[in-house]
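Here are my notes after a look through the model you sent.

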Amino acid sequence: MIARPRSEVDVADYIDRLYRAFAEAPRRDRDESTPHRCCECDEVAARLSRYAARDVPDDEMLRLGDSLPLLSPKAFRYYLPRFIEFCLTTPESSAEAVMNCNLAPSGDLDVGERNRFAQFSEAERRVVLEFVECRAASPDYESDRKFLDEVLGFWRGAS
Ligand SMILES: [Zn+2]
């Protein structure tokens with residue numbers, strides 16, 4: 001577990017391990033980033049695909065923080081470390097606000113080939129589970145407790 005989530009040292013160490021675990025996740029081309037074609041999805045794909053995951057600037061993350069549901073499974077896997085990092089470093093962001101809802105498959109969205117959670121490697125699953133355990137243990141998310149217990153069950157089962 002991330003021992004003290006608000007401690008900068010532990011967060012920096014975790015973020016480092018997070019990117020190392022995801023080092024093998026393939027980068028996506030622009031057209032593969034979002035499966036749906038509309039103005040919003042096209043803009044998200046254009047903005048995100050300009051950057052390697054770790055290099056997406058903070059001002060873009062502020063704008064794109066709630067775009068996780070729009071990403072293709074491959075783009076979701078590739079960019080998730082940046083969204084997790086942004087939650088840890090920018091707790092007042094929209095990324096943080098929607099993260100709990102994007103940490104387990106959604107019945108409407110994650111169906112068949114569109115399942116954003118089907119492609120994670122063992123190392124990736126382990127490091128995401130650390131993040132999930134930290135959130136499930138935090139009093140900050142008391143109102144999401146029941147939901148986070150399900151998320152925790154998902155990643156524990158998947159790991
Ligand atoms: Zn769309």
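1. Let's begin with helix H3, residues 39-49. Its buried residues are Val 44, Ala 45, Leu 48 and Ser 49. Look down the axis of H3 and these buried residues sit within an arc of 105°, so they line one face of the helix. Turn to the other side of H3 and you'll find Cys 39 and Ala 46 exposed. Bear in mind throughout that this is a predicted model.

2. What sits over that buried face? The cover on the buried residues of H3 includes helix H2 (30-33), helix H4 (58-64) and helix H5 (73-89).

3. Now zoom out to the whole fold. The protein has eight helices and zero strands, so the radius of gyration is the next thing to check: at 15 Å it is close to the 15 Å that the globule rule gives for 159 residues, which means the protein is as compact as a globular protein of that length. The C-alpha trace spans about 40 × 30 × 30 Å along its principal axes.

4. Take the contacts with a separation of 6 or more: 68% of them are between residues 24 or more positions apart.

5. Which residues touch the most other members of the largest nonpolar core? In this core of 36 residues, they are Leu 48, Tyr 79, Phe 83, Ile 84, Cys 87 and Val 132. The elements giving two or more residues to the core are helix H1 (8-21), H3, H4, H5, helix H6 (94-99), helix H7 (122-137) and helix H8 (145-158). H5 provides the largest share, ten residues. Leu 48, by the way, is also one of the buried residues of H3 from my opening point.

6. Last, the geometry of H5. Where is the kink in H5? There is one of about 45° at Tyr 79, shortly before the proline Pro 81. As for length, 17 residues at 1.5 Å a residue should span 24 Å, and the end C-alpha atoms of H5 are 24 Å apart, which agrees.

How values were computed:
Residues are numbered from 1 along each chain as its sequence is written. This is a predicted model: local features need pLDDT of at least 70, side-chain atom pairs count only at pLDDT 80 or more; totals for chains, interfaces and linings use all residues. A residue is buried if 20 or more other C-beta atoms lie within 10 Å of its own, exposed if 12 or fewer, and partly exposed in between; C-beta atoms are placed from the backbone. Helices (H or I, at least four residues) and strands (E, at least two) are DSSP runs, numbered from the N terminus. The arc is that of the directions from the helix axis to the C-beta atoms. Two residues are in contact if their C-beta atoms, placed from the backbone, lie within 7 Å. The radius of gyration is taken over C-alpha atoms; the globule rule is 2.2 Å times the number of residues to the power 0.38. A nonpolar core is a set of buried Ala, Val, Leu, Ile, Met, Phe, Trp, Tyr and Cys residues joined through C-beta atoms within 7 Å. The expected span of a helix is 1.5 Å times one less than its number of residues. The bend at a residue is the angle between axes fitted to the seven residues ending there and the seven starting there.
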